[in-house]
Amino acid sequence: MEEDNVMRLQKFIALSGFASRRKAEEIILEGRVKVNNQIIQTLGEKINIKTDIVEIDGKRIEISANHIYIMLNKPVGYVTTVSDQFNRPTVMDLIKNDIKMRLYPVGRLDYDTEGLLLLTNDGELTYKLTHPKHNIEKVYIATVKGIPAKDELQRFREGLYIDDYLTAPAKIEIIKIMKGSCELKIVIHEGKNRQVRKMCEKIGHPVIKLKRIAIGNLHLGNLPLGKWRHLKDVEVNFLKKI
Ligand code: URA
């Protein structure tokens, strides 16, 4: 076997997106994994990723070694496109010194929004994640003018009209009150253009600052502004299972 093509079976399963490394071990011990038609029920078994055929519950799994998944903490003042007609800085400028492969943003954040942005070269996953039917929860912290009253919060929660579009039920709570403004935690499933800004505007509390802190199980955590990191296996697996 050529050294480069050799990998532990549980790692191969994790990289395929089927399960986390730990869960992969359980699946092996349960006798659900076959390599070249033979059940492998011990841990540490090595396979050739180029030539061996791996199946779980009778279904073949594969890895695509060239897929990269990263999260970026986008600062305000960057556009979420690969190039900009007005020559403004793009999110690509923040990764191009480190990653030479061509990545694409998954969805968008406004020029004036900061926070969690995913980038990948996995076109299938991008397509899936940006499809409206998947309804992944996106969590935002919005600083808005004034302090919304109970009935305004209720309108936001129940759905309201923006550009003739009725928004789906959303979550909103006040998390910090300041002088003349407050901080809101907002959870929406949709991704209409400038949706959070328009919804806040609609209840009479325009957005001063907007930051996305989570997409489903993926959290920005303490990733510094303008920095990026690779997603962990469990994070990629979460996205693939959606
Ligand atoms: N909603 C907005 O208004 N802007 C964003 O960038 C994301 C969600």
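Biologist: Which residues line the largest cavity?
Modeller: Tyr69, Ile70, Val106, Leu118, Leu119, Thr120, Leu125, Leu231 and Leu239 line the largest cavity, a cavity being a set of points on a 1 Å grid over the protein atoms alone where a 1.4 Å probe fits but cannot get out, with lining residues having an atom within 4 Å of a point. Please keep in mind that this is a predicted model, in which local features need pLDDT of at least 70 and side-chain atom pairs count only at pLDDT 80 or more, while totals for chains, interfaces and linings use all residues. Residues are numbered from 1 along each chain as its sequence is written, and side-chain values use heavy atoms, with hydrogens and water left out.

Biologist: Which elements give two or more residues to that cavity lining?
Modeller: Those elements are strand E7 (69-74) and E9, where strands (E, at least two residues) and helices (H or I, at least four) are DSSP runs numbered from the N terminus. The largest share, three residues, comes from E9.

Biologist: How much space is in the largest cavity, and how many cavities does the search find?
Modeller: The largest cavity holds about 30 Å³, and the search of the whole structure finds one cavity of 30 Å³ or more. A volume here is the space filled by probe spheres set on the grid points, which are joined across faces, edges and corners.

Biologist: How do its lining residues divide by class?
Modeller: The lining of the largest cavity divides into eight nonpolar residues, one polar and no charged. Ala, Val, Leu, Ile, Met, Phe, Trp, Tyr, Cys and Pro count as nonpolar, Asp, Glu, Lys and Arg as charged, and the others, Gly among them, as polar.

Biologist: Take Leu118 from that list: buried or exposed?
Modeller: Leu118, which is in strand E9, is buried because its relative accessible area is 3%, and buried means under 20%, exposed over 50% and partly exposed in between, with a 1.4 Å probe and protein chains only. Across the protein, buried residues make up 44% of the 242 residues.

Biologist: Switching to the largest pocket, how much space lies in it?
Modeller: About 630 Å³ of space lies in the largest pocket. Of the 30 residues that line the largest pocket, the closest to its centre are Arg108, Lys138, Glu190, Gly191 and Lys192. A pocket is an open set of grid points with protein on both sides within 12 Å along at least five of seven lines.

Biologist: Where does the largest pocket lie, in terms of domains?
Modeller: The largest pocket lies between domain 2 (69-132 + 218-241) and domain 3 (137-215), because both give residues to its lining; the domain bounds come from an automatic or database domain assignment. Strand E9 (113-120), helix H3 (123-130), strand E10 (138-145), helix H5 (195-202) and strand E15 (207-215) each supply at least two residues of that lining. By class, the lining of the largest pocket has 12 nonpolar, 10 polar and eight charged residues.

Biologist: What does Lys192 lie over?
Modeller: Lys192 lies over the face of Tyr165, at 4.5 Å from the ring centre. Elsewhere, the charged end of Arg88 sits over the ring of Tyr111, 4.7 Å from its centre. A charge sits over a ring if NZ of Lys or CZ of Arg is within 6 Å of the ring centre and within 35 degrees of the ring normal.

Biologist: Last one, how many helices and strands does the protein have?
Modeller: The secondary structure comes to six helices and 17 strands, and the C-alpha atoms fill a box of roughly 65 × 40 × 30 Å, taken along the principal axes.
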